[in-house]
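Here are my notes on the model you sent. Please read them with the structure open.

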Amino acid sequence: MPPRRRNGRVRVRGRDEYGRLGTAELGEGLGERATLVQFSSAFCAPCRATRRILGEVAGMVPGVAHVEIDAEARLDLVRALGILRTPTVLVLDADGRVVRRAAGQPRKADIIAALGEAV
């Protein structure tokens, strides 16, 4: 049996598993409809590609914000959210609840589909 692909796969999370994230945790305001939160590190090549993808999606969908967080600078938040690698992307709804999560570089189509759940 071939190994299952997990890298970049967008998975469903329980709405209240991590509570709500807001300006205090993210350092920036939430998007009006949804927020794409990216945890990155300085020497991560897939993080640069993920930044581009999320920026494009946020630019395409009105009311969606993209927030990038330096994982090394925010170890408290990384630990609280169980972030194990970079890039990790969280899709938040308008209230700041995590509705989807992807570890690794996600595909643009998967992010757009995940936003459908959040908005």
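1. Gly96 is buried, with a relative accessible area of 0%. Buried here means under 20% relative accessible area, exposed means over 50%, and partly exposed lies in between (1.4 Å probe, protein chains only). Gly96 sits in the loop between E4 and E5. Helices (H or I, at least four residues) and strands (E, at least two) are DSSP runs, numbered from the N terminus. Not counting residues up to four places away in sequence, Gly96 touches Gly19, Arg20, Leu21 and Leu30. Contact means heavy atoms within 4.5 Å. Gly96 and Leu30 are 66 residues apart in sequence, yet 7.0 Å apart in space, C-alpha to C-alpha.

2. A word on the basis. This is a predicted model, in which local features need pLDDT of at least 70, side-chain atom pairs count only at pLDDT 80 or more, and totals for chains, interfaces and linings use all residues. Residues are numbered from 1 along each chain as its sequence is written, and side-chain values use heavy atoms, with hydrogens and water left out.

3. The hairpin next. E4 and E5 pair in the antiparallel sense over 5 bridges. Strands pair if DSSP finds at least two bridges between them. Val89 stands opposite Ala102 in E5. The hairpin has 4 residues between its strands, and Gly96 takes a positive phi near 90° there. E5 (residues 98-103) is mostly covered, with 6 of its 6 residues buried.

4. Thr86 and Pro87 are joined by a cis peptide bond, with omega about -5°. Pro87 is in the loop between helix H3 (75-81) and E4.

5. Now the overall layout. The chain has 4 helices and 5 strands. From the N terminus on, the order is β-α-β-α-β-α-β-β-α. Of the 119 residues, 44% count as buried. Among contacts with a separation of 6 or more, 73% are between residues 24 or more positions apart.

6. E2 (residues 34-40) and E3 (residues 64-70) run parallel, joined by 7 bridges. Gln38 stands opposite Glu68 in E3. With helix H2 (residues 45-60), E2 and E3 make a right-handed β-α-β unit. Right-handed means that, with the strands pointing away from the viewer, the path from the first strand over the helix to the second runs clockwise.

7. Which residues of H2 are buried? They are Cys47, Ala49, Thr50, Ile53, Leu54, Val57 and Ala58. Seen down the axis of H2, these buried residues fall within an arc of 165°, so they line one face of the helix. The arc is that of the directions from the helix axis to the C-beta atoms. The buried residues of H2 pack against E2, E3, strand E4 (88-93) and helix H4 (108-118).

8. H4 has its own buried set: Ile111, Ala114, Leu115 and Ala118. Seen down the axis of H4, its buried residues fall within an arc of 110°, so they line one face of the helix.

9. Thr35 is buried, with a relative accessible area of 0%. A polar atom of the Thr35 side chain lies 2.8 Å from the backbone nitrogen of Gly31. Leaving aside neighbours within four places in sequence, Thr35 is in contact with Leu30, Ala65, Val67, Leu90, Val91 and Leu92.

Conventions:
Polar contact = N/O pair within 3.5 Å; in protein donor to acceptor, adjacent residues only side chain to side chain.
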